[in-house]
Every structure is written in structure tokens, then in C-alpha cells.
Amino acid sequence: MSLILTILVVLAAAYLPGYAAARMLDGSRLLALALAPALAAAIAGVGAIAAAFVGLSWSLLPFVLAAALLVAAAYGLRRLGVRLPSTVLDGALAPRRAVPAAGAWIGGAVAVAIAPIAIQAGRADAVLERWDTLYHLSALQRIRETGIASSLQVGAVSNTEGDPAFYPAAFHALATLVPGVTTPTLLNGTVVALAVVPWILGIALLARTLFAEVPWAPCAAAIAAALIPATPLDLWIHLSPVPNLSGFAALPGVLAAAAALWTSLLPRISLRPAIASAGAIGLAGLGLGLLHPNVAVTALIVLAVLTAVTAFSSWRRRPALIAVPVLALLPVALLSYTPLGAQITGFNGGLEVSWWLALGEIALGLLTVWPMALGVMLAVLWWPGLVTAFRDAPHRWLAVSWVVIAVIYLDAALDSPLNLSALYYRGQDRLSMPLAMLSAVLVVPGLQVWARVLGRGRDRRPDRPSRTGVRPVTVVLVVTAVIATLASIPARSDNAAKNLAAQYPGRGRYLQVEERALFEQYRPQMDASGTVLASPFSGAAHLYALFGQDVRLPVAGMSYTDLDRDLIYATEDAATNPANCRLLEENGIAYVYQERRPYNYHKTSDSVNYAGPDLGTVLFETDHSRMIEIDCDPGDGNYDPV
């Protein structure tokens, strides 16, 4: 029930305020739905910053206040005549019965995507065994303790001094609106809510925008969006870059709204509708940026392609239109080539593969996130759609966008010296999502091509159902698609097991099953104010997120201070060196947690593993680890406790 509660509350927060604001500006229902998640991220992100600035603890109250201010501002603009224009998104998502049992088909696709993950997790508060998960669990716990969800301060969780540091925290602000749920359940439920619904609905809306004349387009795109490998949900299990994937899930809706508004305004740009459109898309873009800057960068790149390609033929008559793609690319250039993006562009690393393998990943749909045979079958659908989109002027920007993202993906896969992927940490994992998004939409024209090839006839439109009943070839293709989809379940289950199962061959675990059970057993006996000193790559980091126990190094990738290093090194001989034991005690260290088989070797943090059990009382131990309660009293009567 707690997981369902989390999903429902987060979805309500993600859709209701943004939907109301867009509707207040006279936006259509579908346009409002497309913008809502990104607008909610802007409300939560900006609201959390403002709440921290005025000293108000983050909760539903400041979120509701921020949402009310946005809706009131939209109402004021409408009173002044500033309204969103009519767009192709006016009307229904699809005609009734455009696809028989459409809801069942989409629901089945979602079940195939989610069920293997849910089965491997086994429980609502399962802890995903990824580096990033440690960070986000601790960040959520810190927000709940301090009431500060500001993106300007959340990064403080990665240093022991509590110094404010920037980290995009709109996701965390939305998550921490849910009260009374354990932190792991909170994280899992929020990810499921924000990674699944905005992604599938947004891609359906993007297909509706581009192929409004094709009644089955939203349904086909939604099914492809649920099943295509490299969805945000897949990346969650694969790598767990939570803010990044939640932002990319909201991206398709923003692109659908932007394309619809731009197409409406392009024939004749009027001032007031242009102001409303620019304000709505700009605020949505801010929301994407507060989810993760990578997503805002992607949105700007695709918007530049959209506006440049669709307006290219009008540049000679209306040269001012050139400014739109230029302005869209300006922030990308500033982040790429100035110190503004140095924190990201200075990153070195990432998975490097050979050029032929990188090209194969792109061409065959075997992207680095969860490559599986189903991806190749989907590629058979979207490749013809890509070729067709290049030939069709209204859809050409979609094909060009695909090529641009594919080139950036290739740059990341090769660790190219061109550094086109520098703003993505040179990682093709993150770029897999926008590539999957565009490919899912290209399935629609691809299906149209295959319909013509398979003999639906050139004398009738392929988007209209046959009046002669269901053709045998259609039955065969649908059955084949269902079998291929179901055949992907074992691969999905195995991929999920790599980071969710209690054990997996060749994969280490931060937190062992027996460790978690012992934490639950002994945590009530431990001093809540006593700090645990352990490697940040160990299961001890979960003590903070799971049970609220104070842990000095609660996230992987901590920024160590000189004192942190002194304390870690002091554990090596604290059992025999009274000065070092005293140093630990003076700084509140009551427990030392050790790993016998470290998940990740780190020369500094592994020093805590060298101390023997004579450092104090062994509270519990497993084949993997040991928890020691420090006792600095040598027993000679001269000990003076702090």
C-alpha cells in the first residue's frame, strides 16, 4: 500500500498543478497534459529553493503555495489577453475504437516492462544495488531530516562539513512530498511514477502531434515506448541516474507541446500567443533543467533542429526566424565551451567501444542499456520510418533530430576527441533515452511503410482500417509481435536480477541480505546519536537511509576533509593507540563497520577494514562484514570518557 500511495501522490503532484496552469492559459487538455510533468518539476524545484531561502521547511504546503502562485500568474496573463494558441493537440488523443482494446494492449506492454523488475525486487522497499542509489537514498533522508530540498543545497550530503553544494533536486523535492513512507519505498515509488507515465504518455502525445491524421499513432507509439529497450525505467535498474531519467521521461511531452505551439505560430507569429508559448515552454525547460541539466541541453538541441528545419524555407522572407535556433543553441555552447559547464565537461571516463560496435548498437537498436532481441525487431519498424521522415517535409525535423542524437551517442561510445557528448558525462547510457524516444515515434511512419509493402494497396490510405475484415497477414504479424514481446521477459528479468536479486554471479553487493536483517535486529540497541564510520561503498551507508542511524560517510563519492581522513586512518590502530581512539571518540564515532570482501576498493576508505575486533565489542558479524562498538577504556582505571 505504501508503494501505491507514493505513486499516486507523486503522479498527482506531477500532473495537477501544471495541468491547471496550462489550462488557465487556455491551453487544450492534451497540451496541458504534455507540459504538466515539466511544469511540476519547475514548481517543485523553484519552490524548494524559495522555501529554503525564507526558512520554510519543505513539504506539501510550500509546494501547494508555489503551484497556486503559478496558476494565479497564468490567470492574470489570461486576463491581459496572453493565451496559448490553438494547436494540433486540440481535441481527443485518438478517435474511439481507433485501435480495438487499445488500453489492454498498452497495459500489457507496461506489464511486460514492469513485472520482471517487480518480481526481482520482491518488496516495495528493495534497495537497488547501484552507486547512484546510495546517493539518492541518503539525499532523500537528508531532506526529510533537514526540510531543505533546494537544488542549491542538497549536494551537501556528499561532504561531512554540510557545506551547501548544487545538485539538481526537483526529483527529490517531488519525492519528499509523500509523508509516512520509508525512504527506499519513497525512492522506488517516485521513480516508477515519474519514469513510466510521463514517458509513455509524452511519446503518445508527440506521435499525436506529428501524425494527427493517423488515428492509431498514439497507441502504436505508446506501446513502442513501453517496450523499447533503454526506457527511463530500464536505465533506473541499469545505472540508476534517477534525476536524469525522470527528466528524460518528461522530455517527450515538452517536445510535443513545443512542436505543436511552434507549428501553430509559424505561419503568422502574434505577440500575445508567442509570449504565452515562450513562457510555457521556457518554464517547462526550467523544470527539465532542475531535474537534470542534461535533459534541458537535449531539449534545446532538439528545439534548435525543430525550429531550424521547419522554418528553413522561410528564412529568406523572414530572417528573424534564424534567431530562434541560434538562441536555443547559445546555452548549449556556453555550457560546452566556458567554465559554466566545467563540472560536467571535465569528467573523464565512460564505456568506450570500437567504432563498428558503436555503429551496430545504433543501427540495430542494441543500445547500451538492456540490449535485447526485441530492440532489433523494433529497429525493423523505425528504420523505414526514419527514411520516410527524411522525405516528408513536416516530419523531417524528427529524422534530423534522430541523426543528431545518434552522432552524439556515437561520440560518447567512441570517447571521441570531438567531445560532442561532454555534457552527458561522455556516457551513451543517458543518450540511449532520447534516441529510444525518437525511435519509438518513428515506429508510426515505419508501420505505414510496412502496411504498404505488405499489400494494403496504394489506392487507399494506409492509416485507415480495412473494410474487408482482418487480413491473415495482420493476424500473423500481431501474433509474431506478441511472441517477440513475451520472449523479452527472460532478458528483462535477468537484467533486473543483476542489480536487484539478493545474489548474482560476478556482481558484488553493497548490502547483503543477512546484513539488512542484522541491521533491523540490532539498530534499536545502537545509540542513535552515535556515528558509524565505514567505507561509503559499504552497506553501512544504507543504515542512514533505512533506519536513520548517523553515518559519517553516507554516500559513495564523498568529498573527504582532512578530518575524515584522520578518522579513517585512526581506526587502523585505535585498539592499541589511545590517542587515535580518543580522536574517534571526540568526533562522535561510536561504531566502526568493516567489510571482509569490499564491494569497491578505495585506498583511503578501506583503512577501516584493517582494525581487529579488539577495538571494542563486536555487535554482529557475517561472512561479509562486521559491526564493532568502539570501547576506548583500557581497563586500568585511568580512562576519562568524553
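Select Asp633 to begin: at 37% relative accessibility this residue counts as partly exposed, a class lying between buried (under 20% relative accessible area) and exposed (over 50%), with a 1.4 Å probe and protein chains only. The model is predicted, so that local features need pLDDT of at least 70 and side-chain atom pairs count only at pLDDT 80 or more, while totals for chains, interfaces and linings use all residues. Residues are numbered from 1 along each chain as its sequence is written, and side-chain values use heavy atoms, with hydrogens and water left out.

Asp633 itself sits in the segment after strand S4 (625-630), where strands (E, at least two residues) and helices (H or I, at least four) are DSSP runs numbered from the N terminus. Select S4 next, five of whose six residues are buried. Strand S2 (residues 589-595) runs antiparallel to S4 and is joined to S4 by five bridges, pairing being assigned if DSSP finds at least two bridges between two strands. Strand S3 (residues 616-621) is likewise antiparallel to S4, with five bridges, and S3 and S4 make a hairpin with three residues between them. Centre on Met627 in S4, which has Tyr593 as a bridge partner and Phe620 standing opposite.

Together with Val54, Leu56, Leu61 and Leu65, Phe53 makes a nonpolar surface patch of about 560 Å², to which helix H2 (29-54) and helix H3 (60-79) each give two or more residues.

For the last stops, turn to the salt bridges, of which the whole structure holds nine, each being a side-chain nitrogen of Lys or Arg within 4 Å of a carboxyl oxygen of Asp or Glu. Select Arg78 and Asp26, whose side chains meet at 3.7 Å, N to O; because Arg78 lies in helix H3 and Asp26 in the loop between helix H1 (2-24) and H2, the pair ties together parts that are 52 residues apart in sequence. Finally, select Glu520 and Arg516, which form a salt bridge at 3.9 Å, N to O, and which both lie in helix H21 (residues 513-522), four residues apart. Shared partners join Arg123, Asp125, Arg516 and Glu520 into one salt-bridge network.

Technical notes: Patch = residues over 30% accessible without salt bridge, like charges linked within 9 Å, V, L, I, M, F, W, Y side chains within 5 Å. Areas by Shrake-Rupley, 256 points an atom, 1.4 Å probe, with all protein chains shown as cover.
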